[in-house]
Amino acid sequence: MVTLAEVARHAGVSASTVSYVLSGKRPISEDTRQRVRDSIDRLGYQPHAGARALASSRSRIIALMVPLRTDMYVPVMLEIAVAVATAARAHGYDVLLLTGDEGPSALRRVTGSGLAEAVILMDVQLDDERLPVLRAEGPPAVLVGMPADPAGLNCVDLDFAAAGALCVEHLAGLGHREIAVIGESPGVYARHTGFAERTLRGLRDRAAGLGVRLLHRPCEGGHDAVAAVLARILDERPATSAFVVQNETAVEPLLALLRRTGRAVPEDVSVVAVCADQIAAQASVAVSSVPIPAQELGRRAVERLVGRLTRPEGEDAVGVELLTPALTVRASSGPAPRAGGD
(Lines give C-alpha, C1' and ligand atoms only; values in the text may rest on other atoms or scores of the structure.)
Protein backbone atom coordinates (compact mmCIF):
# COMPACT_ATOMS: atom_id res chain seq x y z
CA MET A 1 0.00 0.00 0.00
CA VAL A 2 1.35 3.42 -0.97
CA THR A 3 2.14 5.65 2.02
CA LEU A 4 1.90 9.39 2.46
CA ALA A 5 5.72 9.54 2.78
CA GLU A 6 6.09 7.89 -0.63
CA VAL A 7 3.75 10.46 -2.16
CA ALA A 8 5.84 13.22 -0.57
CA ARG A 9 9.08 11.81 -2.01
CA HIS A 10 7.54 11.39 -5.46
CA ALA A 11 6.24 14.99 -5.44
CA GLY A 12 9.45 16.39 -3.94
CA VAL A 13 7.71 17.94 -0.93
CA SER A 14 7.45 17.26 2.78
CA ALA A 15 4.93 14.83 4.25
CA SER A 16 3.24 17.72 6.04
CA THR A 17 2.69 19.49 2.71
CA VAL A 18 0.91 16.41 1.36
CA SER A 19 -1.21 16.33 4.51
CA TYR A 20 -2.15 19.99 4.09
CA VAL A 21 -3.10 19.43 0.45
CA LEU A 22 -5.40 16.61 1.52
CA SER A 23 -6.97 18.40 4.48
CA GLY A 24 -7.04 21.93 3.10
CA LYS A 25 -6.04 23.26 6.52
CA ARG A 26 -3.30 25.52 5.17
CA PRO A 27 -2.94 27.43 1.90
CA ILE A 28 -0.66 25.68 -0.59
CA SER A 29 0.47 27.13 -3.89
CA GLU A 30 -1.39 25.87 -6.93
CA ASP A 31 1.79 24.46 -8.52
CA THR A 32 2.63 22.44 -5.41
CA ARG A 33 -0.96 21.33 -4.95
CA GLN A 34 -1.10 20.08 -8.53
CA ARG A 35 2.23 18.27 -8.19
CA VAL A 36 0.96 16.47 -5.10
CA ARG A 37 -2.31 15.61 -6.81
CA ASP A 38 -0.42 14.18 -9.80
CA SER A 39 1.70 12.02 -7.50
CA ILE A 40 -1.40 10.78 -5.67
CA ASP A 41 -3.00 9.79 -8.98
CA ARG A 42 0.14 8.11 -10.36
CA LEU A 43 0.88 6.14 -7.23
CA GLY A 44 -2.75 5.30 -6.46
CA TYR A 45 -2.57 6.63 -2.92
CA GLN A 46 -5.70 6.20 -0.77
CA PRO A 47 -5.80 8.25 2.47
CA HIS A 48 -6.66 6.19 5.54
CA ALA A 49 -10.35 6.85 6.21
CA GLY A 50 -10.04 6.90 9.99
CA ALA A 51 -7.05 9.22 10.02
CA ARG A 52 -8.69 11.51 7.48
CA ALA A 53 -11.83 11.70 9.60
CA LEU A 54 -9.85 12.55 12.74
CA ALA A 55 -7.89 15.21 10.92
CA SER A 56 -10.84 16.88 9.28
CA SER A 57 -13.64 16.09 11.77
CA ARG A 58 -15.48 14.66 8.77
CA SER A 59 -16.09 10.99 8.13
CA ARG A 60 -17.62 11.50 4.67
CA ILE A 61 -20.13 8.84 5.60
CA ILE A 62 -23.90 9.28 5.34
CA ALA A 63 -26.07 7.08 7.53
CA LEU A 64 -29.21 5.86 5.76
CA MET A 65 -31.93 4.77 8.18
CA VAL A 66 -34.31 2.45 6.31
CA PRO A 67 -36.17 0.05 8.63
CA LEU A 68 -37.00 -3.05 6.58
CA ARG A 69 -40.40 -3.93 8.02
CA THR A 70 -42.38 -6.98 6.93
CA ASP A 71 -45.48 -4.86 6.22
CA MET A 72 -43.70 -2.58 3.74
CA TYR A 73 -42.84 -3.29 0.11
CA VAL A 74 -39.09 -3.76 0.52
CA PRO A 75 -38.05 -3.60 -3.20
CA VAL A 76 -39.08 0.06 -3.45
CA MET A 77 -37.23 0.89 -0.23
CA LEU A 78 -34.10 -0.83 -1.52
CA GLU A 79 -34.36 0.94 -4.88
CA ILE A 80 -34.29 4.26 -3.05
CA ALA A 81 -31.37 3.03 -0.93
CA VAL A 82 -29.36 2.02 -4.02
CA ALA A 83 -30.04 5.42 -5.59
CA VAL A 84 -28.83 7.10 -2.38
CA ALA A 85 -25.62 5.03 -2.37
CA THR A 86 -24.92 5.74 -6.05
CA ALA A 87 -25.51 9.49 -5.75
CA ALA A 88 -23.52 9.70 -2.50
CA ARG A 89 -20.52 7.98 -4.09
CA ALA A 90 -20.63 10.48 -6.96
CA HIS A 91 -20.21 13.24 -4.36
CA GLY A 92 -17.40 11.44 -2.53
CA TYR A 93 -19.47 9.99 0.31
CA ASP A 94 -20.01 6.42 1.46
CA VAL A 95 -23.28 5.14 2.92
CA LEU A 96 -23.82 3.31 6.20
CA LEU A 97 -27.08 1.34 5.92
CA LEU A 98 -29.14 0.96 9.12
CA THR A 99 -32.02 -1.46 8.57
CA GLY A 100 -33.12 -2.10 12.16
CA ASP A 101 -36.14 -0.54 13.87
CA GLU A 102 -34.16 1.18 16.62
CA GLY A 103 -35.50 4.69 16.16
CA PRO A 104 -33.94 7.48 18.25
CA SER A 105 -31.32 5.24 19.89
CA ALA A 106 -29.74 4.36 16.54
CA LEU A 107 -29.80 8.00 15.47
CA ARG A 108 -28.06 9.09 18.69
CA ARG A 109 -25.48 6.30 18.41
CA VAL A 110 -24.50 7.09 14.84
CA THR A 111 -24.41 10.87 15.07
CA GLY A 112 -23.06 11.05 18.63
CA SER A 113 -20.10 8.80 17.85
CA GLY A 114 -19.12 10.77 14.77
CA LEU A 115 -19.42 7.60 12.70
CA ALA A 116 -21.54 9.49 10.18
CA GLU A 117 -21.61 13.20 9.57
CA ALA A 118 -25.11 13.30 8.10
CA VAL A 119 -28.26 11.22 8.00
CA ILE A 120 -31.03 10.32 5.54
CA LEU A 121 -34.22 9.02 7.15
CA MET A 122 -36.78 6.83 5.39
CA ASP A 123 -40.11 5.32 6.48
CA VAL A 124 -41.11 8.66 7.99
CA GLN A 125 -44.18 8.73 10.23
CA LEU A 126 -46.42 11.73 10.85
CA ASP A 127 -45.21 11.98 14.47
CA ASP A 128 -41.85 10.31 13.96
CA GLU A 129 -40.05 9.68 17.24
CA ARG A 130 -36.68 10.37 15.59
CA LEU A 131 -37.51 14.01 14.87
CA PRO A 132 -36.97 15.40 18.40
CA VAL A 133 -33.40 14.03 18.23
CA LEU A 134 -32.82 15.77 14.91
CA ARG A 135 -34.21 19.04 16.18
CA ALA A 136 -32.36 18.92 19.52
CA GLU A 137 -28.97 17.64 18.39
CA GLY A 138 -29.01 19.06 14.89
CA PRO A 139 -27.06 16.57 12.71
CA PRO A 140 -27.45 17.48 9.02
CA ALA A 141 -30.34 15.35 7.78
CA VAL A 142 -32.79 14.83 4.95
CA LEU A 143 -36.07 12.95 5.23
CA VAL A 144 -37.36 10.86 2.34
CA GLY A 145 -40.91 11.46 3.49
CA MET A 146 -42.76 14.19 5.33
CA PRO A 147 -44.03 14.33 8.91
CA ALA A 148 -47.10 16.21 10.09
CA ASP A 149 -44.94 19.18 11.08
CA PRO A 150 -41.98 19.60 8.69
CA ALA A 151 -40.94 23.00 10.08
CA GLY A 152 -37.16 23.35 10.12
CA LEU A 153 -36.64 19.99 8.41
CA ASN A 154 -35.23 19.05 5.03
CA CYS A 155 -37.70 16.75 3.24
CA VAL A 156 -38.12 15.28 -0.22
CA ASP A 157 -40.97 13.03 -1.27
CA LEU A 158 -43.61 12.33 -3.87
CA ASP A 159 -46.71 14.46 -3.36
CA PHE A 160 -48.79 11.49 -2.24
CA ALA A 161 -51.85 13.61 -1.50
CA ALA A 162 -51.81 14.80 -5.10
CA ALA A 163 -51.25 11.19 -6.24
CA GLY A 164 -54.40 10.09 -4.44
CA ALA A 165 -56.33 12.99 -5.92
CA LEU A 166 -55.12 12.08 -9.43
CA CYS A 167 -56.48 8.55 -9.07
CA VAL A 168 -59.92 9.80 -8.05
CA GLU A 169 -60.00 12.43 -10.80
CA HIS A 170 -59.12 9.83 -13.44
CA LEU A 171 -61.81 7.39 -12.32
CA ALA A 172 -64.46 10.07 -11.77
CA GLY A 173 -63.74 11.38 -15.26
CA LEU A 174 -64.61 7.90 -16.54
CA GLY A 175 -67.95 8.04 -14.75
CA HIS A 176 -67.15 5.97 -11.64
CA ARG A 177 -69.06 7.04 -8.54
CA GLU A 178 -68.36 4.11 -6.19
CA ILE A 179 -64.63 3.64 -5.58
CA ALA A 180 -62.95 1.29 -3.11
CA VAL A 181 -59.39 1.71 -1.88
CA ILE A 182 -57.30 -1.37 -1.07
CA GLY A 183 -54.61 0.10 1.10
CA GLU A 184 -51.41 -0.82 2.85
CA SER A 185 -51.21 -3.27 5.76
CA PRO A 186 -53.05 -2.21 8.94
CA GLY A 187 -49.71 -1.74 10.72
CA VAL A 188 -48.69 0.96 8.24
CA TYR A 189 -51.73 3.04 9.22
CA ALA A 190 -51.34 2.18 12.91
CA ARG A 191 -47.86 3.78 12.80
CA HIS A 192 -49.33 6.77 10.93
CA THR A 193 -46.78 6.32 8.16
CA GLY A 194 -46.68 9.56 6.24
CA PHE A 195 -46.99 8.44 2.61
CA ALA A 196 -50.00 6.19 3.30
CA GLU A 197 -51.83 8.77 5.40
CA ARG A 198 -51.22 11.53 2.87
CA THR A 199 -52.42 9.39 -0.04
CA LEU A 200 -55.59 8.57 1.86
CA ARG A 201 -56.19 12.23 2.63
CA GLY A 202 -55.80 13.13 -1.05
CA LEU A 203 -58.20 10.36 -2.05
CA ARG A 204 -60.86 11.39 0.47
CA ASP A 205 -60.62 15.12 -0.15
CA ARG A 206 -60.88 14.80 -3.93
CA ALA A 207 -63.68 12.23 -3.71
CA ALA A 208 -65.67 14.56 -1.47
CA GLY A 209 -65.11 17.44 -3.87
CA LEU A 210 -66.29 15.38 -6.86
CA GLY A 211 -69.26 13.75 -5.14
CA VAL A 212 -67.72 10.27 -5.29
CA ARG A 213 -68.32 7.66 -2.57
CA LEU A 214 -65.06 6.23 -1.28
CA LEU A 215 -64.47 3.17 0.88
CA HIS A 216 -61.00 2.42 2.30
CA ARG A 217 -59.89 -0.96 3.57
CA PRO A 218 -56.32 -1.82 4.69
CA CYS A 219 -54.98 -5.12 3.41
CA GLU A 220 -52.07 -7.36 4.39
CA GLY A 221 -51.44 -8.33 0.77
CA GLY A 222 -51.27 -11.78 -0.73
CA HIS A 223 -54.09 -13.83 -2.25
CA ASP A 224 -55.97 -14.85 0.91
CA ALA A 225 -55.88 -11.40 2.49
CA VAL A 226 -56.97 -9.69 -0.74
CA ALA A 227 -59.78 -12.22 -1.18
CA ALA A 228 -61.12 -11.44 2.29
CA VAL A 229 -60.91 -7.67 1.75
CA LEU A 230 -62.50 -7.87 -1.71
CA ALA A 231 -65.39 -9.96 -0.38
CA ARG A 232 -65.95 -7.45 2.39
CA ILE A 233 -65.91 -4.51 -0.01
CA LEU A 234 -68.38 -6.13 -2.42
CA ASP A 235 -70.64 -7.03 0.49
CA GLU A 236 -70.62 -3.48 1.88
CA ARG A 237 -70.64 -1.66 -1.48
CA PRO A 238 -71.95 -4.01 -4.21
CA ALA A 239 -72.10 -1.11 -6.69
CA THR A 240 -68.31 -0.59 -6.51
CA SER A 241 -67.07 -0.11 -10.05
CA ALA A 242 -63.45 0.92 -9.48
CA PHE A 243 -60.54 0.16 -7.18
CA VAL A 244 -57.52 2.20 -6.16
CA VAL A 245 -54.70 0.02 -4.86
CA GLN A 246 -51.82 1.28 -2.74
CA ASN A 247 -50.21 -2.04 -1.92
CA GLU A 248 -47.89 -3.68 -4.46
CA THR A 249 -48.50 -7.18 -3.09
CA ALA A 250 -52.26 -6.81 -3.65
CA VAL A 251 -52.25 -5.77 -7.32
CA GLU A 252 -51.96 -9.15 -9.05
CA PRO A 253 -54.14 -11.05 -6.52
CA LEU A 254 -56.89 -8.45 -7.03
CA LEU A 255 -56.81 -8.87 -10.80
CA ALA A 256 -56.96 -12.66 -10.47
CA LEU A 257 -59.83 -12.53 -7.98
CA LEU A 258 -61.85 -10.15 -10.14
CA ARG A 259 -61.48 -12.58 -13.06
CA ARG A 260 -62.57 -15.47 -10.83
CA THR A 261 -65.72 -13.62 -9.79
CA GLY A 262 -66.62 -12.95 -13.44
CA ARG A 263 -65.71 -9.25 -13.42
CA ALA A 264 -63.79 -8.19 -16.52
CA VAL A 265 -61.16 -5.44 -16.25
CA PRO A 266 -61.83 -2.75 -17.38
CA GLU A 267 -65.28 -3.51 -18.88
CA ASP A 268 -66.94 -4.30 -15.53
CA VAL A 269 -64.52 -2.76 -13.05
CA SER A 270 -61.51 -0.47 -13.30
CA VAL A 271 -58.28 -0.69 -11.33
CA VAL A 272 -55.75 2.10 -10.68
CA ALA A 273 -52.68 1.79 -8.45
CA VAL A 274 -50.12 3.93 -6.65
CA CYS A 275 -47.15 1.60 -6.91
CA ALA A 276 -43.81 0.76 -8.44
CA ASP A 277 -44.01 1.19 -12.20
CA GLN A 278 -42.71 -2.32 -12.89
CA ILE A 279 -45.54 -3.88 -10.88
CA ALA A 280 -48.19 -1.95 -12.82
CA ALA A 281 -46.69 -2.43 -16.28
CA GLN A 282 -46.06 -6.17 -15.92
CA ALA A 283 -49.37 -7.15 -14.29
CA SER A 284 -51.66 -9.64 -16.07
CA VAL A 285 -53.70 -6.58 -17.10
CA ALA A 286 -51.43 -3.55 -17.47
CA VAL A 287 -52.55 -1.28 -14.63
CA SER A 288 -53.10 2.48 -14.86
CA SER A 289 -50.86 3.86 -12.14
CA VAL A 290 -49.06 6.68 -10.39
CA PRO A 291 -45.46 5.43 -10.17
CA ILE A 292 -43.16 5.85 -7.16
CA PRO A 293 -40.07 7.75 -8.42
CA ALA A 294 -37.68 5.77 -6.21
CA GLN A 295 -34.44 6.63 -8.00
CA GLU A 296 -35.31 10.31 -8.24
CA LEU A 297 -36.15 10.44 -4.53
CA GLY A 298 -32.82 8.88 -3.60
CA ARG A 299 -30.84 11.17 -5.87
CA ARG A 300 -32.57 14.33 -4.72
CA ALA A 301 -32.21 13.39 -1.06
CA VAL A 302 -28.43 13.17 -1.49
CA GLU A 303 -28.26 16.42 -3.46
CA ARG A 304 -30.20 18.25 -0.75
CA LEU A 305 -27.98 16.76 1.96
CA VAL A 306 -24.76 17.65 0.15
CA GLY A 307 -26.16 21.16 -0.27
CA ARG A 308 -26.78 21.29 3.46
CA LEU A 309 -23.26 20.10 4.23
CA THR A 310 -21.53 22.49 1.85
CA ARG A 311 -23.87 25.47 2.29
CA PRO A 312 -25.30 25.12 5.81
CA GLU A 313 -26.62 28.67 5.83
CA GLY A 314 -27.91 28.65 2.26
CA GLU A 315 -31.49 29.21 1.28
CA ASP A 316 -31.81 25.58 0.20
CA ALA A 317 -30.56 24.19 3.53
CA VAL A 318 -34.03 23.23 4.74
CA GLY A 319 -37.51 22.95 3.33
CA VAL A 320 -39.93 20.54 1.70
CA GLU A 321 -39.66 19.38 -1.92
CA LEU A 322 -42.62 17.37 -3.18
CA LEU A 323 -42.28 15.75 -6.59
CA THR A 324 -45.31 16.18 -8.83
CA PRO A 325 -47.06 12.86 -9.52
CA ALA A 326 -48.15 11.72 -12.97
CA LEU A 327 -50.71 9.07 -13.84
CA THR A 328 -49.93 6.64 -16.66
CA VAL A 329 -53.13 5.33 -18.26
CA ARG A 330 -52.99 1.65 -19.23
CA ALA A 331 -55.49 -1.13 -19.99
CA SER A 332 -57.02 -1.49 -16.51
CA SER A 333 -59.16 1.65 -16.44
CA GLY A 334 -62.16 2.39 -18.60
CA PRO A 335 -65.63 3.93 -18.54
CA ALA A 336 -67.94 2.95 -15.69
CA PRO A 337 -70.47 0.29 -16.73
CA ARG A 338 -73.88 1.71 -17.47
CA ALA A 339 -76.71 0.99 -15.05
CA GLY A 340 -78.49 -2.23 -15.95
CA GLY A 341 -75.48 -3.45 -17.96
CA ASP A 342 -76.54 -1.63 -21.17
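Modeller: Start with the buried residues of α3: Thr32, Val36, Ser39 and Ile40. Down the axis of α3, these buried residues fall within an arc of 100 degrees, so they line one face of the helix. The general rule is simple: an α-helix has 3.6 residues a turn, so residues three or four places apart point the same way. Bear in mind that this is a predicted model.

The face directed away from the buried side carries exposed residues: Glu30, Asp31, Asp41 and Arg42. The helix itself covers residues 30-43, which makes 14 residues. From first C-alpha to last, α3 reaches 20 Å, close to the 20 Å expected at 1.5 Å a residue. Just after α3 comes Gly44, with a positive phi of about 70 degrees.

Helix α1 (residues 4-11) can be read in the same manner. Its buried residues are Val7, Ala8 and Ala11. They cover an arc of only 100 degrees around the axis, which puts them on the same side of α1.

A search of the whole structure finds one cavity of 30 Å³ or more. The largest cavity has a volume of about 320 Å³. Its lining has 21 residues, with Met72, Val76, Met77, Phe160 and Phe195 nearest the centre. α5 gives the most, with three. By class, the lining has 14 nonpolar, three polar and four charged residues.

Methods
Residues are numbered from 1 along each chain as its sequence is written. This is a predicted model: local features need pLDDT of at least 70, side-chain atom pairs count only at pLDDT 80 or more; totals for chains, interfaces and linings use all residues. Side-chain values use heavy atoms; hydrogens and water are left out. On a 1 Å grid over the protein atoms alone, a cavity is a set of points where a 1.4 Å probe fits but cannot get out, and a pocket is an open set with protein on both sides within 12 Å along at least five of seven lines; lining residues have an atom within 4 Å of a point. Grid points are joined across faces, edges and corners, and a volume is the space filled by probe spheres set on the points. Helices (H or I, at least four residues) and strands (E, at least two) are DSSP runs, numbered from the N terminus. Ala, Val, Leu, Ile, Met, Phe, Trp, Tyr, Cys and Pro count as nonpolar, Asp, Glu, Lys and Arg as charged, and the others, Gly among them, as polar. Buried means under 20% relative accessible area, exposed over 50%, partly exposed in between (1.4 Å probe, protein chains only). The arc is that of the directions from the helix axis to the C-beta atoms. The expected span of a helix is 1.5 Å times one less than its number of residues.
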